[in-house]
Amino acid sequence: MAEDLLRVRNLSTRFFTEDGQVNAVESVDFDVRDGEVFGIVGESGSGKSVTALSVIDLVESPGRITSGEIWYRNPDLAEEVREDNPDAVDGDFVDVRRVPENVRRALRGPSFSTIFQDPMSSLNPSLTVGEQIAEAVEVQRRARSNPRSTRSRTQGFGLGNLLTSTLLPSQGYVSDESRAEAIELLEQVGIPDPAERAEEYPHEFSGGMLQRAMIAQALAGEPDLLIADEPTTALDVTIQAQILDLLRDLQEDTGMSIVMITHNLGVIARMCDRVGVMYAGEVVERGTLEDVFDDPVHPYTQGLLGSIPDLDDPAPRLQPIEGNVPDLYDAEMENRCYFADRCPKAMEECLHKPPEFDTETGESREDFADRAASDHGAKCYLAQHEYDPSQALPEGYFGSGTDEAKSASGTARGDAASEDEEVSADD
Ligand code: SF4
């Protein structure tokens, strides 16, 4: 099995707004291994993008990472950090949350790189595409030219260089070598006539070509980990397929790892080796692609997969997941499973205590050894014991939305309490 490149542990990110605290990412755990594509899938607002921004330390105010560790395997960095900051090092891994901000900034590019959702708004409309890629190349060239590795990169990103790179106009700032490398990158991502196209502005590129240019920019630092945040959302289907094929080819050629963030299960199925399913800021199920698609444990995952149309056996209607994602405001988050209002298998226990992530499964216990070995697990009581229909909540609770759910919850609790009393009386 490939080694872990990244280990994210107990990561939580909050937004402190005037209306209250939003728990956008809640105690998230996942690993990314060498040379794999790890998918993060979920509805809009489930915390996928904030998780990615947290990993690369780009969460903006009023957001802030409030807890967690992000362990990145980099023996050189570990060696440099160990003496001054031993708590931030575990073997070859460094907790990037515990290194200085300038070191974290220096990791962006050669260690972690990102393709953002919308290339049109992510590229500068007043600079040519070639200049923008060359600028990224230039920054990485300066870092690489320094004889000492990561700590030196941070010196290369010091105040002087930072001011130079942010205040001086890009025209004339990049070297001929960086321009040539930018053209090579454009060629690598399949842009025809790359030397000519490098002189064009973003508005002269089609959507697919812009996304390729964004990928070229992200590759400038030869990253260990590429985070692709909905890289095909704005593209039509044929271009989506081309971009996904390109990313897969680049991943196989370079050996980099990819975190693929998407709401599209088709993209996950096409691209990923392992997958984490996010709901309401939590990873609620995690495993290999086969684990999660063929044997889903969490009712939310089952609902997502059940909502995919089957072309061989078209049902008269698609099966939606009833209800809405809960508000993530602190005051709204109760001490229970966040999916309970929408879960067709919600039980009384789900309303009183949030389930822990568990790799054991109740419904297919004979598969437990395989699941444990493959890290397949879910944040659901059904990963701990089998579904007991007698524990089902009253009809009308499931999918009834927040307000009704709360009143139904009261009913459910009342019914349960009555039953308890009856049992006690009988005893
Ligand atoms: S813990 Fe309960 S409510 Fe939550 S997903 Fe599992 S069965 Fe449904």
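Modeller: Helix H10 passes helix H11 in a right-handed crossing, meaning that the near helix is turned clockwise from the far one by less than a right angle. This is a predicted model, where local features need pLDDT of at least 70, side-chain atom pairs count only at pLDDT 80 or more, and totals for chains, interfaces and linings use all residues. Residues are numbered from 1 along each chain as its sequence is written.

H10 covers residues 207-219 and H11 covers residues 237-254; helices here are DSSP runs (H or I, at least four residues), numbered from the N terminus. Their axes lie 10 Å apart, at an angle of about 20 degrees. Axes are lines fitted to C-alpha atoms over the stretch in contact, and angles run from 0 to 180 degrees between N-to-C directions. So H10 is roughly parallel to H11, a label for angles under 35 degrees.

Now for the touching. From H10 come Gly-207, Gly-208, Gln-211, Arg-212, Ile-215 and Leu-219, while H11 brings Ile-239, Gln-242, Ile-243, Leu-246 and Leu-250. Two residues are in contact if their C-beta atoms, placed from the backbone, lie within 7 Å. By class, the contact of H10 with H11 has six nonpolar, four polar and one charged residues; Gly counts as polar.

Zooming out, the protein has 16 helices and 13 strands (strands are E runs of at least two residues). Of the contacts with a separation of 6 or more, 67% join residues 24 or more positions apart.

Notes: Parallel < 35°, antiparallel > 145°, perpendicular 65-115°, else oblique.
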